[in-house]
Amino acid sequence: MMQNVHLAPETDEDDLYSGYNDYNPTYDTEELENDTAFQQAVKTSHGRRPPSKTSLASSMGRPMTGAIQDGVTRPMTAVRAAGFTKAALRGSAFDPLGQSRGPAPPLEARNEDSPEEKIRQLEKKVNELVEESCIANSCGDLKLALEKAKDAGRKERVLVRQREQVTSPENINLDLTYSVLFNLASQYSANEMYPEALNTYQVIVKNKMFSNAGRLKVNMGNIFLKQRNYSKAIKFYRMALDQIPSVHKEMRIKIMQNIGVTFIKTGQYSDAINSFEHIMSMAPNLKAGFNLILSYFAVGDREKMKKAFQKLIAVPLETDEDGKYISPNDDPHTNLVIEAIKNDHLRQMERERKAMAEKYIMTAAKLIAPVIETSFAVGYDWCVEVVKASQYVELANDLEINKAITYLRQKDFNQAVETLKMFEKKDSSVKSAAATNLSFLYYLENEFAQASSYADLAVNSDRYNPSALTNKGNTVFANGDYEKAAEFYKEALRNDSSCTEALYNIGLTYKKLNRLDEALDCFLKLHAILRNSAQVLYQIANIYELMEDPNQAMEWLMQLISVVPTDSRALSKLGGLYDSEGDKSQAFQYYYESYRYFPSNIEVIEWLGAYYIDTQFCEKAIQYFERASLIQPTQVKWQLMVASCFRRSGNYQKALDTYKDIHRKFPENVECLRFLVRLCTDIGLKEVQEYATKLKRLEKMKEIREQRTKSGRDGSGGPRGRRDGSAGSDGGQNCSAGSRGERLSAQLRALPRTEEPYDSSSNKELDASYVDPLGPQIERPRTAAKKRVDEDDFADEELGDDLLPE
């Protein structure tokens, strides 16, 4: 085998790799440091000097940069465009930048008086005015925005005329004209000057030189919609839809949605359904799905409502999962990035979109649940099952709670309680919400033990739930532990500084503890949040009254009346304050307004009657005392006051008839008999003897009763007598309190009292956190310096005197 193997000789003349180490020394870059000519050229301007006739060569044998070789200057690079020309003259210097030509000549001075320059300046001014108009609109100064837009329009017309004089009409800036007119129309619309806006839009639309101007008919349709001219709005929407190509799919969908909304406003629900069905088939979105449910609800189609609700649930939310904002590891760089994007504008937009989707779904479920099945409970159950099978599974619990609230609206408290109790074994957040509502319900029923128990459950399930803490504070407040109640309210405010219920309640608590300055601070803070809350304004006025500052109290009551001008209680309160200050005319004005809105307030009626008597207008006082006798027919003093007014005004016959009527109703009234005897004697009637006999008999019976009472008091001695006397005294106080209670029961209380319940808004759901801590207790605001006429006023007067207060 070895005989076929040929070994290579050790010295082979034809070496296979020979010549690879040979190279042209011109390209040797390693020796540039030792090249004296190259280093001199780098450090100085040696390379730019005019070359001599003899070509300089480096030690490596390559020509110098810029050297003349064979009549041609060597270029700086291999690219010819760097100032190198093949036709360069022999011996010419290398000057690619043209420095040998000297400095450039000076620029010609601008002629500001030339027509072209004037046109340029005017065009710049028009653009500035348009920008200023847009900025003013974005800042909310609509009037300034309109003025700037009008000024831009005037200057643009001047610009067009000047340009026509200088150049041909083809050189007119159509884009500038379009932007000026469009901005002017937009500002007219923003200022609700709809006819001017429509005229301006018509100018744009009718000009064939403006491309794509037809889509502005959408804006014209919007204006007609605001004017409630629905037929024209639909017409312009359809015209705009016809002029927009199919490639602009999103804009066409929005215009069709406007058409559907306009059909709903006109009551053409079938046409609206067609529009929304087309949208849901092409590009489904939340608004179109919700409007489709409304349309089917209007026509009463149960099955279509169910299908539309399922379509609404299936609309993609197009937001990232919340897990994206949770760090998967302890990488500090990743944590910084997540922290930065956790609350950026994109995240806020995602939250808003999700909140809007939940709002549409919850509203639609509450709307269709009572009608899609035989009962609302079955309808809610169907909606809950559909929601559980969707991406909005967390809304199922909210629907269950809304089901309980619907039971409450139907006054089916037992079913509401049973529904809420189902959440006791669920996760903490849902359990806390249900327990909060249960605590609220039991508190309304005055079952404070149960209310406290469920409030504890709600707090233990979610310690950061301000509603639960507020309800717990209410139950403690009801037990009289005001300091502890204040601590719960403070904790609720620490968890949620916008919890107005807790802030209101802590103000009531401080007022109960007589810490009026702190209570006033709470209500002033609340007033900064709820500017037009009548309850907050009343509390501030009441605290100033308790602090004996009537001027401030009157000022806040005036603000209260500006919010609720027809509230009789506030008007009477303000009248009482003016009366206490001695301003009878202002007091009369507010008392009269209070009587006009609520003519059944005994205190107001009594004050007005006494006022007319003081001013010697007894005839006018009669109508007030007659109304008081209608409100309290068992109180004889009102009828006696009516008779006394008749007698003082000189109408003796009417007074006699009134006294006779009183005697028939109250035959044992001594004062009535005294006046009957006096009137009959003055007029000369025969009945005087009959009334005199009755009067003597009643007076004798009265004397006998007084003697018996006196002898019984003298005969009883020792501790027993004192006990009896004490009991009698208590009984008298109870009787007085009862009569006062009767007077109070006839009054209407339009405003909340000092400890009356607070409700932040009329349409708040029943799961609101606040319930009035004091329940049915009512503190009636005092009315100072009031005229009061009591039965005792008649006993000490002579027969000839008028039965009137001093």
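## A buried serine to start with

Let's begin with S275, which counts as buried at 10% relative accessibility. This is a predicted model, and everything below is read from that model. S275 sits in helix α9, which covers residues 269-282. Who are the neighbours of S275? Setting aside residues within four places in sequence, S275 is in contact with M256, I259, G260 and F263.

## The whole chain at a glance

Now a step back. The protein chain has 806 residues, and 39% of them count as buried.

## A lysine tucked away

You'll find K472 in helix α19, residues 466-478. Is K472 buried or exposed? At 10% relative accessibility, K472 counts as buried, because the cut-off for buried is under 20%.

As for what surrounds it, K472 touches S452, A455, D456, V459 and F488, once residues up to four places away in sequence are left out.

## α10 against α11

Next come some helix pairs. Two packed helices are described by the angle between their axes and the distance between the axes. For helix α10 (residues 286-299) and helix α11 (residues 302-314), the angle is about 170° and the axes are 9 Å apart. So α10 and α11 are roughly antiparallel to each other, since an angle over 145 degrees counts that way.

Which residues make the contact? On the α10 side they are L286, G289, F290, L292, I293, Y296 and F297, and on the α11 side K304, M305, A308, F309 and L312. The residues of this contact divide into ten nonpolar, one polar and one charged.

## α13 against α14

Here's a pair with another kind of crossing. The axes of helix α13 (residues 345-372) and helix α14 (residues 376-388) come within 7 Å and cross at roughly 140°.

From α13, the residues I361, A365, K366, I368, A369, P370 and I372 meet F376, G379, Y380, W382, C383 and V387 of α14. The contact of α13 with α14 divides into eleven nonpolar residues, one polar and one charged.

## α29 against α30

Further along, helix α29 (residues 636-648) packs on helix α30 (residues 652-665) at an angle of about 160°, and their axes are 7 Å apart. α29 and α30 are therefore roughly antiparallel to each other. How does α29 pass α30, left-handed or right-handed? The crossing is left-handed.

The contact residues in α29 are V636, Q639, L640, V642, A643, S644, F646 and R647, and they meet Y652, K654, A655, T658, Y659, D661, I662 and K665 in α30. Sorted by type, the residues of the contact of α29 with α30 come out as nine nonpolar, three polar and four charged.

## Cysteines

C383 already turned up among the α14 residues that meet α13. C383 is buried, with a relative accessible area of 0%. C672 is buried as well, with a relative accessible area of 0%.

How many disulfides are there? The count comes to zero, where a disulfide would need a pair of cysteine sulfur atoms within 2.5 Å.

## Two loop residues with a positive phi

Most residues other than glycine have a negative phi. E192 has a positive phi of about 60° although it is not a glycine. Where is E192? It is in the loop between α4 (174-190) and α5 (194-206). At 60% relative accessibility, E192 counts as exposed.

Q616 has a positive phi too, at about 65°, and Q616 is not a glycine either. The place to look for Q616 is the loop between α27 (602-614) and α28 (618-631). With a relative accessibility of 56%, Q616 counts as exposed, because the cut-off for exposed is over 50%.

Technical notes
Residues numbered from 1 in each chain as written. Predicted model: local features only at pLDDT ≥ 70, side-chain atom pairs only at ≥ 80, totals over all residues. Heavy atoms only, no water. Axes fitted to C-alpha atoms, helices over the stretch in contact; angles between N-to-C directions. Helix = DSSP H or I, 4+ residues; strand = E, 2+ residues; numbered from the N terminus. Contact = heavy atoms within 4.5 Å. Nonpolar A, V, L, I, M, F, W, Y, C, P; charged D, E, K, R; others polar. Buried < 20%, exposed > 50% of the residue type's maximum accessible area, 1.4 Å probe, protein only. Parallel < 35°, antiparallel > 145°, perpendicular 65-115°, else oblique. Left-handed = near helix turned anticlockwise from the far one by under 90°.
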